There are 2 protein chains.
Amino acid sequence: MENKTNTIKMALLGLGTVGGGVYKLIQRRSDGMEKNVGANLEITKILVHNMEKKREGVDASLLTDQWKDIIEDDEIQIVIELMGGIEPAKTMILEALHAGKHVVSANKDLIAAHGKELLDAAEEGNCDFLFEAAVAGGIPIIRPLKQCLAGNEITEVIGIVNGTTNYILTKMFEDHMDFAEALAKATELGYAEADPTADIEGLDAGRKVAIMASIAFHSRVVFSDVYTEGITKITSRDIEYAKEFDSVIKLLGVARNTEKGIEAGVYPMLLHKDHPLASVRDSFNAVFVHGDAVDDAMFYGRGAGEFPTASAVVGDIMDVARNLKYQCNGRISCTCYRDTPIKSFDDVKNKFFLRMQVANEPGVLACIAKVFGDHKVSIARVVQKNATKEQAELVIVTDVVKEYHLKDALNELQSIESIKEVSSVIREY
Amino acid sequence: MENKTNTIKMALLGLGTVGGGVYKLIQRRSDGMEKNVGANLEITKILVHNMEKKREGVDASLLTDQWKDIIEDDEIQIVIELMGGIEPAKTMILEALHAGKHVVSANKDLIAAHGKELLDAAEEGNCDFLFEAAVAGGIPIIRPLKQCLAGNEITEVIGIVNGTTNYILTKMFEDHMDFAEALAKATELGYAEADPTADIEGLDAGRKVAIMASIAFHSRVVFSDVYTEGITKITSRDIEYAKEFDSVIKLLGVARNTEKGIEAGVYPMLLHKDHPLASVRDSFNAVFVHGDAVDDAMFYGRGAGEFPTASAVVGDIMDVARNLKYQCNGRISCTCYRDTPIKSFDDVKNKFFLRMQVANEPGVLACIAKVFGDHKVSIARVVQKNATKEQAELVIVTDVVKEYHLKDALNELQSIESIKEVSSVIREY
């Protein structure tokens, strides 16, 4: 039974879109697997909620709704967690690692909140805990950061890491849709979920930023450290101005390692069209990295979807298989060996694009300039448009200023009668 | 002497641009190294040609011009080969691997020709032989292909993998320079070498294509399997047409795994501006990959230079260090477990952009169309311009045709009197 001993048995937790993709991809790749990683891979159990549900193409005898069938099965060496959410995923992963089983997961919510606990458990048990699929789907980013770019002091990681919002912003930019229309289109195509909050408010991207920043800067960043702001307030008018400024508007996850600590945030930004991230269209994702040796690098591809995500999961599984062959599991575990403070978002510096409606009367600009000056906000550019007899639209682009200075200035502007409305406050890269 | 035992000693072969970068980067990263990979890294010997040359910032006591000082030093565990060229690099690497020393190399010429022999030697000795820096400099591409994307059947790898030619083509496109002018500029800036042949004739890119294709398709492709064509014939006029067709012209390394074998070539191509590779400007490199699971992915960054290349080399060194810690060297070696035939370039299919000067008289187009039809070349588009009384410029874009059909058609066109000149033959992506 030589073949038997050369087979690694695995359990799948969850058989949704990604779980189904992983199941199919493992089967599709079975031919070359042993030659490539030294062993065959076999999914022998699949944990599902609903045993009654019809599942096309899946061997029904593998299904179970009992976690103990898996955790107590000593033959299972790898647990592939694709359920998502904090619990019961967290408990199951910890139990698996404590039992000496290796774990591959795509669970960004869990890792962004409890990564340290999970990686510690893996390290204790000399187990692999890999999660390439948790950030930017199919795009290789975790292994490149942990290994290929390990010789760098990475100072900046900027990503378009949410496909739904990038699709929406692309439609607004290229097809002149407004936000509601573009969101409806995204929902129709299945890019946006029934409740799109996590996507359009930047929460999903924020979790990925936490994970990437932790790896890039060797210091733990959790989701609650990440400032998040979504794209719901972006209007067609903002997009028009972006075009006029040779820029696009993208929802960016921004992580920087500065002298005064780590900055981590997600927010829409005006980005000049020559920046490599500016040409990332539709539901594609990309992560831009700056390191002191490599200079600029970018990783581009599909950030979600059945097979792109399965690609990352199966890559991880094959790495675990190689580690099993060479008995070196746990070879790359937590790389957070520093304890860098997180900078308060108030102290983060940004340029701002401000669009406001003001009374069309002499002295308004002088008045605004004084308020800004008082708050150390210096102005890089002013454009006035759409002036009627009573009112005009004023666009001001600031120099780099601290968030709290800008906030204070905007607060003071509100008390000035000739400023009718601050319509948009968008950061500029 | 705990510190001593926890230090991995290394030898550097070559102290040119990249060697100097690696030396400096290893020193710059010394602080976090042990925490990151479990050991300190120390370069204890450096092989150089000229012992007399003054070398700023390098400890002169490390220098030697004797290979035996290194190969016979049992304390040296890693040899970093950055001399380039076939010999003596090949002999030294083989001797190092046979002596149980791990090797990191950036030598594309050598690997594209003798990769199998080197990887076999590494495998025999359970040694690591890593060469991330040999393809696209600082851009992580080999590890992503071997590991992250291992779950894919990769069908296409297309790269802008030569910075010199991409810089020249960018200058021609954006600044309206002609080829000679752009080459002169590249030389002035140090992007082009005194003898630029290897760059502008596509040889350098061809070596990288051979290496990438071997890894992506799990089947050995050597440099002599790669068809190469350079950019010296590209004119400003071709660039003008590319713009008119919403395209750019890029020197692309193209590798495809088709049912009838592996295609591997390097040639200039018209590429639509919406393709992610089209926005890769100046001396930047990028590699675009299509896999059956991941769909499209792209890796972008600096393909050359002191520190970008050192970034890749040091990443490899750190991986060897981790393997030493876990005693799993040789964990990822040759992954060419298939033996796919190389397709004759004559049988490769491409679209073509053809620019020709023809007599301005009735029936010429019909005549050309007949020749093309006789050779199974179908025409997608025809544009006529610059017509004088005697002569006109005709641009024909073909559908996808076999290389040899196009070649035969062009040969026959030469015997037709009303065709004055075929000025350009450029493939279209």
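How many Å separate the centres of domain 1 of chain A and domain 2 of chain A, taken over C-alpha atoms?

I began with this question, keeping in mind that the model is predicted. For the two centres, taken over C-alpha atoms, I noted a separation of 28 Å. The contact itself takes 19 residues from domain 1 of chain A and 18 residues from domain 2 of chain A.

**Where the domains lie.** I then looked up the domain assignment of chain A, which gives domain 1 as 2-137 + 306-326, domain 2 as 142-302 and domain 3 as 345-428.

**Buried area.** I read that the size of an interface is often given as the accessible area lost when the parts come together. For domain 1 and domain 2 of chain A I wrote down about 1,400 Å² buried between them, with 62% of that area on carbon and sulfur atoms.

**Charged and polar pairs.** Between domain 1 and domain 2 of chain A I found a count of five salt bridges, and I also noted five residue pairs in polar contact, both residues being at pLDDT 80 or more. I looked up one salt bridge by name, in which the side chains of A:Glu132 and A:Arg143 meet at 3.4 Å, N to O.

**The side of domain 1.** Which elements give two or more residues to the side of domain 1 of chain A that touches domain 2 of chain A? I found helix H6 (108-124) and helix H13 (306-326) of chain A, and the largest share of that side, eight residues, comes from H6(A).

Technical notes. Residues numbered from 1 in each chain as written. Chains lettered and ligands numbered in written order. Predicted model: local features only at pLDDT ≥ 70, side-chain atom pairs only at ≥ 80, totals over all residues. Heavy atoms only, no water. Domains from an automatic or database assignment. Contact = heavy atoms within 4.5 Å. Buried area = accessible area lost by both parts, 1.4 Å probe. Salt bridge = Lys/Arg side-chain N within 4 Å of Asp/Glu carboxyl O. Polar contact = N/O pair within 3.5 Å; in protein donor to acceptor, adjacent residues only side chain to side chain. Helix = DSSP H or I, 4+ residues; strand = E, 2+ residues; numbered from the N terminus.
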